[in-house]
Amino acid sequence: LVYQEGGKTHVLEQPLDLTHLAEKYNSFAVDFVRSHKDEPFLLYMPFSHVHTTAANQPEKQYAGCSWKNNTGRGAFGDALAETDWII
């Protein structure tokens with residue numbers, strides 16, 4: 001998991017534990033907004049955990065532990081509900 005700030009790339013976690021990725025996105029975004037609240041900023045936060053690139057690999061779709069099997073709409077619905085919670 002990496003992020004860029006001030007023209008530098010920072011590695012937060014390697015290897016990445018996908019089961020807590022959205023929680024990490026949320027924590028980073030909240031901290032970032034709080035620390036930059038008095039100045040203009042751009043926060044680009046792609047929710048990559050909602051998408052999978054291969055329709056024949058549904059196991060690549062995932063949601064965080066607390067959202068898994070929570071919606072009755074499958075893995076995509078669980079990941080989407082988790083993203084709604086973050087926003």
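1. Let's start with Tyr3, which is partly exposed because its relative accessible area is 21%. For this label, buried means under 20% relative accessible area, exposed means over 50%, and partly exposed lies in between, using a 1.4 Å probe and protein chains only. Before going on, please note that this is a predicted model, where local features need pLDDT of at least 70 and side-chain atom pairs count only at pLDDT 80 or more, while totals for chains, interfaces and linings use all residues. Residues are numbered from 1 along each chain as its sequence is written, and side-chain values use heavy atoms, with hydrogens and water left out.

2. How many aromatic pairs are there? The count comes to four. Rings of Phe, Tyr and Trp (its six-membered ring) pair if their centres lie within 6.5 Å; planes under 30 degrees apart are stacked, over 60 edge-to-face, and the rest tilted. One of these pairs is Tyr3 with Phe28: the ring centres are 4.8 Å apart and the planes stand at 50°, so the pair is tilted. This pair joins distant parts of the chain, with Tyr3 in strand E1 (residues 2–5) and Phe28 in helix H1, 25 residues apart. Helices (H or I, at least four residues) and strands (E, at least two) are DSSP runs, numbered from the N terminus.

3. Now look at Phe32 and Phe41. Their ring centres are 5.5 Å apart and their planes are at 80°, so this pair is edge-to-face. Phe32 is buried at 12% relative accessibility, whereas Phe41 is partly exposed at 38%. Together, Tyr3, Phe28, Phe32 and Phe41 form one aromatic cluster.

4. Is Asp78 buried or exposed? Asp78, in helix H2 (residues 74–86), is buried, with a relative accessible area of 2%. Beyond its neighbours within four places in sequence, Asp78 is in contact (heavy atoms within 4.5 Å) with several residues, among them Ala63, Trp67 and Gly72. A polar atom of the Asp78 side chain lies 2.6 Å from the backbone nitrogen of Asn69, and the backbone nitrogen of Asn70 lies 3.3 Å from a polar atom of that side chain.

Conventions:
A polar contact is a pair of N or O atoms within 3.5 Å; within protein, one must be able to donate a hydrogen and the other to accept it, and residues adjacent in sequence count only if both atoms are side-chain atoms.
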